[in-house]
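Reader: I am new to this structure. Please take one part and look at it closely, then show me the whole around it.

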Amino acid sequence: MGVGILASRAIRPASRLLRSQPSNLFLRTIVSKPELQSPEAAAVSQPEPPKNQILPPRNPVGGARVHFTNAEDAIEVFVDGYAVKVPKGFTVLQACEVAGVDIPRFCYHSRLSIAGNCRMCLVEVEKSPKPVASCAMPALPGMKIKTDTPIAKKAREGVMEFLLMNHPLDCPICDQGGECDLQDQSMAFGSDRGRFTEMKRSVVDKNLGPLVKTVMTRCIQCTRCVRFASEVAGVQDLGMLGRGSGEEIGTYVEKLMTSELSGNVIDICPVGALTSKPFAFKARNWELKGTETIDVSDAVGSNIRVDSRGPEVMRIIPRLNEDINEEWISDKTRFSYDGLKRQRLSDPMIRDSDGRFKVVSWRDALAVVGDIIHQVKSDEIVGIAGQLSDAESMMVLKDFVNRMGSDNVWCEGTAVGVDADLRYSYLMNSSISGLENADVFLLVGTQPRVEAAMVNARICKTVRASNAKVAYIGPPADFNYDCKHLGTGPDTLKEIAEGRHPFCSALKNAKNPAIIVGAGLFNRTDKDAILAAVESIAQANNVVRPDWNGLNYLLLYAAQAAALDLGLIQQSAKALESARFVYLMGADDVDVDKIPKDAFVVYQGHHGDKAVYRANVILPASAFTEKEGTYENTEGFTQQTVPAVPTVGDARDDWKIVRALSEVSGVNLPYNSIEGVRSRIKSVAPNLVHTDEREPAAFGPSLKPECKETMSTTPFKPVVENFYMTNAITRASKIMAQCSAVLLKK
């Protein structure tokens, strides 16, 4: 009796469950493909393509091009039946890219050393007993590579399953969402289910500073960031700790990442482990409009993409340019964008009798300036262009000041009497990419790490690749590669020029010696003697030859090269002290204490920075992200900015403001459009209208007359005190202020 009751109770719930199910229940079935259950058998059963079959041509991945320096170095391999020729030393992955096959990868990066630890790039190679990692396997003559076989697919599915085993389901809240390699490749190459049911591991987040946000639980241990830090940035801040499931990326002793290139780990991280801290939770990448333009924070002219949403710049990321910045940018370029929306000048203003600024119309502001400029003598008019000025605005400013009868117009960073007659005397003559061919560097009065971070990255790359020697003359500095400090001032330079220094033997024996002179020396009173000594060293050590020009000048500002080409050079040291009318076009680093108390000062710019406090009239102008302008970088490469966002308030382009002022002042300039300004530039400096071209200097030191001056014994001084705050935009940036406080310990 009791057993029957127990049996009926056991059966009753099951019968209720069966009755409650609808009659049209859809039963999900799991179907497994036979070729994935037994990939070896499926591979054997696949038919081979006919030998005489002509396969359609394929385009290489990403427009890759192969250059053979020697025809004998070419080897032929077969990728999925396609015959391709690649140079000796190419890996299987590179051969597949040339054949038009995109191999999935996480740890491999074309500019970093090969790690081979993610195993996502597995392919099948004929006569190999198991799939091989294509990133680490060299291509051999006649090798037959198969990328789309069931064995390769099964291997990738297995690798992806392992990678996702401990990866958190953070995609909805992850800033990498929408541009994540792990998302894309798990969709393309992964399975639709996983078999891991245990607890996922978690990792404590690291504090790398105010720029890089870490969520280390998402890390897949590809070690890209570790290799970037040690090989490109030149700092040993990151490393791999632990083994097995306890393995994680860290800094061993807790410290911040202090490199000026640290933001690039955000771009190379294939997952959301390293993301931008200022950009966190601000926008999704599909909401942003990308504008390809250039950076103006230094004289390198790095190629960038400005991502904006509406009127606001949301982030700045690098753009590929092999000749200038490769695919890296400095932290100042990447993170100073928030300065574009702080302390902006949006309306014309005039200072009242009580010292306060009052907002007025453009007509009233220009009328006041036009009246005042006629009340002073022509030689008392001074125009100074700022370090962020474009070539068009400097050309218009020079024409306006000249038409008013004055020659006192110059650009920040160019002191009295700078020789601009021969372009070799202020350009990087070997080009930025050409520095990779040098085997000995002599740095004179320059610290590339803070003056031009991308040039410093090239030197670091050359030192790692070819063990090039680097020597430095200047104040004590921190270099991220082996560098011999020869001395602090002109005395050491004089010893080398006279052949009495031990380093002379290294210069003599070098195949391609390179000398890099800092533009900070242009402001010294004995600059002519110093530059003459440098040129004598160049001539004595075969630095300048028909096939190699290693005499380089590293400029500081984006406007400097174009200003020297256009002839904006200070003629008199007393011009500013005797001025009665001073026109500052974005010039914030001018010593305003030298301006006489009774002088009338017009400040035209986009930020309320240092010089605006001395102004009598303020004219708001556009920033580089809001206008079209021409810039020339330190190697003489001409590029243009492209407007990404609208101007702020009632601001106008710089050249338009000066052109309107010329009309109010009664000296009409003969152009009304930017094309007209560029036509005028073409008559003065034709190289500035040849966009995206580098115009090398035509003549060398042999044409320069002998210098009679003597060098002083004053040591060289550092030019850049704070890497993160060098112009009006960076000084207005909250992010750059945090970097200065935290990373520089100030």
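Author: Accessible areas here come from the Shrake-Rupley method with a 1.4 Å probe. The model is a predicted one. By that method, the accessible surface of the protein comes to about 34300 Å². Carbon and sulfur atoms hold 52% of that surface.

Now the single part: helix α14. This helix runs over residues 490–497. Which of its residues are buried? They are P490, T492, L493 and I496. Buried means under 20% relative accessible area. These four lie on the same side of α14, because they cover an arc of only 155 degrees around the axis.

What do the buried residues of α14 pack against? Three of the partners are strands: β17 (440–444), β18 (469–473) and β19 (484–487). Helices α15 (504–509) and α16 (527–540) are partners too. Just after α14 comes G499. G499 takes a positive phi of about 80 degrees.

The protein has 21 helices and 29 strands. Its C-alpha trace spans about 120 × 65 × 55 Å along the principal axes. The chain counts 746 residues, and buried residues make up 54% of them.

Last, charge. The protein carries 87 positive and 90 negative charges.

How values were computed: Residues numbered from 1 in each chain as written. Predicted model: local features only at pLDDT ≥ 70, side-chain atom pairs only at ≥ 80, totals over all residues. Heavy atoms only, no water. Buried < 20%, exposed > 50% of the residue type's maximum accessible area, 1.4 Å probe, protein only. Helix = DSSP H or I, 4+ residues; strand = E, 2+ residues; numbered from the N terminus. Arc of directions from axis to C-beta. Contact = heavy atoms within 4.5 Å. Lys, Arg positive; Asp, Glu negative; His and termini not counted. Charge placed at Lys NZ, Arg CZ, Asp CG, Glu CD.
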